[in-house]
2 protein chains.
Amino acid sequence: MSSDRVRHPGLMNKVVSAEEAALLFKDGMTVGMSGFTRAGEAKAVPMALAERARKDPLKISLITGASLGNDLDKTLAEAHVLSRRMPFQADPALRKAINDGEVMFVDQHLSETVEMLRTRQIGPVDIAVIEAVAITEQGGIVPTTSVGNSASFAILADKVIVEINLNQPDALEGLHDIYIPTHRPTRMPIPVVTPESRVGLPFIPIDPDKIAAIVFTEKLDSSSTILPPDDETRDIAGHLASFFLNEVKQGRLTHRLQPLQAGIGTIANAVLHGLVDTPFHDLTMYSEVLQDSTFDLFDAGKLKFASGSSITLSEEKYHIILKDLVNYKSRLILRPQEISNHPEVVRRLGIICINTALEFDIYGNVNSTHVSGTKMMNGIGGSGDFARNGYLSVFVTKATAKDGRISSVVPMVSHVDHTEHDVDIVATEFGLADLRGLAPRERAPLIIANCCHPAYREQLMDYYRDALKLGGHTPHMLKDALSWHTRLSDTGSMLKDAETVAKAG
Amino acid sequence: MSSDRVRHPGLMNKVVSAEEAALLFKDGMTVGMSGFTRAGEAKAVPMALAERARKDPLKISLITGASLGNDLDKTLAEAHVLSRRMPFQADPALRKAINDGEVMFVDQHLSETVEMLRTRQIGPVDIAVIEAVAITEQGGIVPTTSVGNSASFAILADKVIVEINLNQPDALEGLHDIYIPTHRPTRMPIPVVTPESRVGLPFIPIDPDKIAAIVFTEKLDSSSTILPPDDETRDIAGHLASFFLNEVKQGRLTHRLQPLQAGIGTIANAVLHGLVDTPFHDLTMYSEVLQDSTFDLFDAGKLKFASGSSITLSEEKYHIILKDLVNYKSRLILRPQEISNHPEVVRRLGIICINTALEFDIYGNVNSTHVSGTKMMNGIGGSGDFARNGYLSVFVTKATAKDGRISSVVPMVSHVDHTEHDVDIVATEFGLADLRGLAPRERAPLIIANCCHPAYREQLMDYYRDALKLGGHTPHMLKDALSWHTRLSDTGSMLKDAETVAKAG
């Protein structure tokens, strides 16, 4: 079995235990690890590294594709191994270390990290740790359920540790399409012209001499943390479906829409899932993470093809899909996140981008990352790669949070990740605002009327009316612009009249 | 002479006066006019339209490439012709009408406007008005000193009015490279792979039957409003040159740097001009507007090639360069702004992007557009096309404005056009902060120490220190975050201690 998985004849003598592999790390190193949205992360070596660091403290800068599963970020944070972390995370323990200032977190557009590594603006990567299904006869690394930044990590690193996961199915081989942009100043166009385009290799091509250690593992990916659709997310999905239907009626879209991208998480997944019961057909996805909804759409006969950088599923779905992968394989590609999120391809294909906001304001600015402007939640992820360059940029959120004490529609967002210039559509369970071609003074009444929770609507309209008296292209009262957030911190609610909190819940 | 300029045999009978052409407009129409950064705008017809509207009121939505010269935006605003204006402007009278809410201004990334028109998300364009040097034998339109959005306006509009400007030099013919991205879903890569790439036609190809009127004009472009370099802009240029030299030393850049983009205006022009006295050589530009500095660099033997969407020069330079154009022509291309600013090409070429900030904050967020978060200055222009997708994103500004009463480095910007994720370098006359790979808590002390005016440094450090006590990935005190702006409005200065204002001046 292991000879099926490590097919290069000279490499079996590199097999070691995770503990032995963990001895390769030195204090101060920069490490690139596989893993994107809880899929395909190296599992044993980082655990062994955390274990080692508990006795023999050392710190590393850790770069991944995106978030890790199997509580790895938690374990590494609690072992105080991380001095620096990029470009994304989604773990409560690591989040605390970031917000306490213990870990320096660099919150980057997911398409940009390896571009910066390649041009040596960050890094260099000392060691890459990559989960693989197999190593080919020539020493090529076949990734598992994600590609993320793994290809460039392996290509750029001095040393590579490969974790061969015996429980990741053989059928994953052939799914990946590894394309690395050519060097400047003679970089050629990326030849991806449809979601289906295969333009690279089915493995990561590296010099096998760089493989410093091979570790066998059997641990599965963690299942996704998304919740099933509820009434509110179903309503959001309904507003978007109606909007798309009207676009078809207006002759701007066909029933095939445009290639779809949906961010990680419950709401974006629910919105995609909502397309199951619509007249749209022959849909395609050009996204970063492929969630349950991708496979629901396949099974409903709605989706023709899906390109992503990872497959992240609920526990139930994970076991069904990975067992049955061979039946989906001809309709799937996994790419490096640099390519799945690449501005060039996103603009060329004309993607419809659906991402989740923490909050948005009356002029259409979006906060995706910072609770009350200060505390990091997860990171911007790929939302900026898509929102800036796509055909249509949609942001969705529930209208309130914390039992109505927080309005997701505010006078001014407390942190901006997506500017008014990059946001076409905002939607909550109450409705959708189409901001295309509108000036700020036209956007505000629309957003307040269509998207704001009724309990906050009057309060928000009052702000806008008072701001309007001061004039300006984007009317604001700077003294009160962030008062909803400071009221939340002072009183526990953004509502002026605390008695109406119950109604908003 | 006019037969040299209107070479299509059937079109001379379309020649009319500007007043006659202006009768083609109807109330409520959407009009696309040539013109980008005061270069190559249609001159006679919009003036005649304003004249007509004074007697016979009508309103239009006006879309251009960028800002117009010859006081056209002023004249149109004062004649109350404009109900809606996009995607950029730079005129005080129009700015007032925008900030008063009379004109709905849509502030867009310059690469995106025609993409939205083509997909009918805005528009449609009823009439295009395009300044031209000539109409070819086949009816192709040869633009003058800018391309801007002219090609797509002419292609998409129902009717086209051509202004043949007899004073724009013949030598402009052959300078333009008109390439329009192919239709989705089979859009092919844009074949521009170096600034020198010629991939299109030297004229705008349209059906000559759409040409509804031809007007002859002789008015010259307005000269640019940029000021010559001063001590402060020279210092900013010096900091950037030192930074680039160090990048060469570190092996990240060569003396050819990467293709350069510099935004419109005095500071960016001065920064480019500053490269005249450096060891860099064989430079190229892939920019939107080519200003005096481009030709200074040509004349100094530093610049090999420049691609842009317009040529905008000071009065002195204008007369020299346009007379001598034939000597520069082989080293110049003018492209549609969709291509000069296209995310695909910007990322592929790896552009060094230098743009001007109104203000930036201690975490590297940039405000390019809104005075005190409310009043529109000019618009975001192309800065977002470049900053998001380029190799290196630099923002420059003088450290103070209004004789020291305004600090350009603030705790929190009052409007965000460029998020922390898109900003690599910020610089003022006091120094430069290299933010690449840094977390917010690392950026703040660096920006305060290197970029802030000394009169504001302690006050800014106090804010940061107090915010730090509250914790968070991006420490802020939301109650005070915008207090510098409200203090300015209340007291006339951002300084806490008004007596030190003089020192900051």
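In chain B of this predicted model, the charged end of B:Arg331 is placed over the ring of B:Phe298, at 4.8 Å from the ring centre.

Over all chains, the count of aromatic pairs comes to 14. One of them joins A:Tyr363 and A:Tyr464 in an edge-to-face arrangement, with 6.4 Å from centre to centre and 65° between the planes. A:Tyr363 belongs to the loop between β16 (359–361) and β17 (366–367) of chain A, while A:Tyr464 is part of helix α17 (residues 454–470) of chain A, so this pair ties together parts that lie 101 residues apart in sequence. Buried means a relative accessible area under 20%. A:Tyr363, at 1%, therefore counts as buried, and A:Tyr464, at 4%, is buried too. Elsewhere in chain A, an aromatic cluster is formed by A:Phe243, A:Phe244 and A:Phe280.

Helix packing comes next. Two packed helices are described by the angle between their axes and the distance between the axes. In chain A, the axes of helix α9 (residues 266–273) and helix α10 (residues 292–299) come within 8 Å and cross at roughly 5°. Because angles under 35 degrees count as roughly parallel, α9(A) is roughly parallel to α10(A). On the α9(A) side, the contact is made by A:Asn269, A:Leu272 and A:His273, and α10(A) contributes A:Asp292, A:Ser293, A:Asp296 and A:Leu297.

Methods:
Residues numbered from 1 in each chain as written. Chains lettered and ligands numbered in written order. Predicted model: local features only at pLDDT ≥ 70, side-chain atom pairs only at ≥ 80, totals over all residues. Heavy atoms only, no water. Phe/Tyr/Trp six-rings, centres within 6.5 Å; stacked < 30°, edge-to-face > 60°. Helix = DSSP H or I, 4+ residues; strand = E, 2+ residues; numbered from the N terminus. Buried < 20%, exposed > 50% of the residue type's maximum accessible area, 1.4 Å probe, protein only. Lys NZ or Arg CZ within 6 Å of the ring centre and 35° of its normal. Axes fitted to C-alpha atoms, helices over the stretch in contact; angles between N-to-C directions. Parallel < 35°, antiparallel > 145°, perpendicular 65-115°, else oblique. Contact = heavy atoms within 4.5 Å.
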